[in-house]
Every structure is written in C-alpha cells, then in structure tokens.
Amino acid sequence: MKSLWSSLLCALLVLMVSPAAAHRGHDALSVVTLAADGGVTVSHRFEAHDIEPALAQIAPDAQPSLDDPDAQQALIAYVAANFRMATNDGPIRLAVSHVDFGSDIVRIEFSGKVRNPVRRLGIGSRLLNGVYRRQVNQVNVRFGKTVRTLTFVDDDEQFVDIN
C-alpha cells in the first residue's frame with residue numbers, strides 16, 4: 001500500500017511540474033513583406049503568455065496586463081524601437097497600421113514605403129532579448145515569390161539580398 005501511495009504522489013508531482021516546464025523557450029515571429037510598388041509591411045506575432053510577464057520591464061509604470069492601454073502603448077513603442085530595417089537608401093520609417101491584443105496571440109503590424117529597387121535589406125531584431133535569456137526571434141522576409149528566414153538570438157544585424 002505504501003508503494004502505491006508513493007507512486008501516486010510521484011505521478012501527481014510530475015503532472016504538477018510538467019505544464020510549467022513545458023514552455024521553456026520564448027520566441028517571436030515577424031513577417032516582412034516587400035511589395036512590388038515599394039510598400040512594406042511588418043507583422044510581429046507574440047504569444048500572450050510571453051508578453052504579459054515581460055510588461056513589468058517594458059512598461060514599468062503600467063499594469064502588467066494586456067488589458068491596460070498604457071501597457072499596450074508602451075509595448076507598441078518597445079516593438080518599434082527594438083526592430084529596425086534599412087535598405088541601401090537608409091532606415092525604413094514604419095508606422096503602426098494594426099494591433100490585436102488577443103488572449104493567446106498579440107499582433108502588432110507596421111507599414112511603410114521604400115524606393116525601388118531595393119537591392120539589400122538589413123534587419124535587426126532584439127525583441128524581448130533583454131527580457132528573456134533564451135529569446136529567439138524569427139523573421140521571414142517575403143519579396144515576390146521568394147521567402148528568406150532569419151533567426152536572431154542576440155542583438156545582431158542580418159542582411160537579405162533582394163534580386
């Protein structure tokens with residue numbers, strides 16, 4: 001009987017620990033689309049359960065909740081400051097075009113315009129790198145029928161040649 005209780009207790013402990021250990025990594029997905037007319041859109045997607053705890057650092061004067069308008073504005077400003085792009089003509093200016101603070105996913109979209117032709121695109125993404133130690137940022141760059149994938153784990157800049 002003692003062995004049965006020990007086994008049940010161990011199984012219960014494993015079940016209690018597993019959900020917390022299941023999500024060890026943190027990631028963000030950004031999709032950059034370069035249109036033929038020079039239009040640029042950047043869509044950032046985050047898991048809400050990664051963003052909400054990060055709000056304590058991103059928006060220290062706001063409530064750490066995606067329901068707080070001050071936290072939302074601070075998050076948008078943070079994303080704008082920590083994701084940068086440039087072409088052979090210089091930095092690309094982007095403006096917020098859409099936001100969606102869902103219960104599972106947070107999306108923040110920006111749009112802008114570049115002069116054609118773009119020959120080389122430089123991208124730097126340090127989204128949440130100062131918040132989470134193992135943060136991984138994936139950036140998919142779409143132009144024409146081509147998609148290039150970049151992965152950022154540190155504050156570095158990467159380049160995509162556009163042909």
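1. Ser 30 touches Ser 43, His 44, Phe 83, Leu 127, Gln 138, Val 139 and Asn 140, leaving aside residues up to four places away in sequence. Contact here means heavy atoms within 4.5 Å. Ser 30 lies in strand E1 (residues 26–34). Ser 30 is buried, with a relative accessible area of 2%. Buried means under 20% relative accessible area, exposed means over 50%, and partly exposed is in between (1.4 Å probe, protein chains only).

2. The basis of these values: this is a predicted model, in which local features need pLDDT of at least 70, side-chain atom pairs count only at pLDDT 80 or more, and totals for chains, interfaces and linings use all residues. Residues are numbered from 1 along each chain as its sequence is written, and side-chain values use heavy atoms, with hydrogens and water left out.

3. The chain has 3 helices and 10 strands. Helices (H or I, at least four residues) and strands (E, at least two) are DSSP runs, numbered from the N terminus. From the N terminus on, the order is α-β-β-α-α-β-β-β-β-β-β-β-β. Of the 163 residues, 38% count as buried. Among contacts between residues at least 6 apart in sequence, 61% join residues at least 24 apart.

4. Strand E1 belongs to an open sheet of 6 strands, ordered E5-E6-E2-E1-E8-E9, with mixed pairing. Its edge strands are E5 (94–101) and E9, each pairing on one side only. Two strands pair if DSSP finds at least two bridges between them. Neighbouring strands of this sheet are turned by 15° against each other on average, direction ignored. Axes are lines fitted to C-alpha atoms, for helices over the stretch in contact, and angles run from 0 to 180 degrees between N-to-C directions.

5. E1 and E8 run parallel, joined by 9 bridges. Val 31 has Asn 140 as its bridge partner in E8. Helix H2 (residues 48–58) packs on this sheet, touching E1, strand E2 (39–47) and strand E6 (105–113). The direction of H2 makes about 85° with that of E2.

6. Next, the E8–E9 hairpin. Strand E8 (residues 135–143) and strand E9 (residues 146–152) run antiparallel, joined by 7 bridges. Arg 142 stands opposite Val 147 in E9. The hairpin has 2 residues between the strands, and Gly 144 takes a positive phi near 60°.

7. An open sheet of 4 strands has the order E4-E3-E7-E10, with antiparallel pairing. Strand E4 (90–91) and strand E10 (157–161) are the edges, each pairing on one side only. Strands E3 (residues 83–87) and E7 (residues 120–125) pair in the antiparallel sense over 4 bridges. Phe 83 stands opposite Ser 125 in E7. Helix H3 (residues 69–82) packs on the sheet, touching E3 and E7, at about 40° to the direction of E3. H3 also lies across E2, E5 and E6, running at about 50° to E6.

8. The largest pocket holds about 180 Å³ of space. On a 1 Å grid over the protein atoms alone, a pocket is an open set of points with protein on both sides within 12 Å along at least five of seven lines, where a 1.4 Å probe fits; lining residues have an atom within 4 Å of a point. Grid points are joined across faces, edges and corners, and the volume is the space filled by probe spheres set on the points. Of 16 lining residues, Leu 34, Ala 35, Asn 116, Phe 143 and Ile 162 lie nearest the centre.
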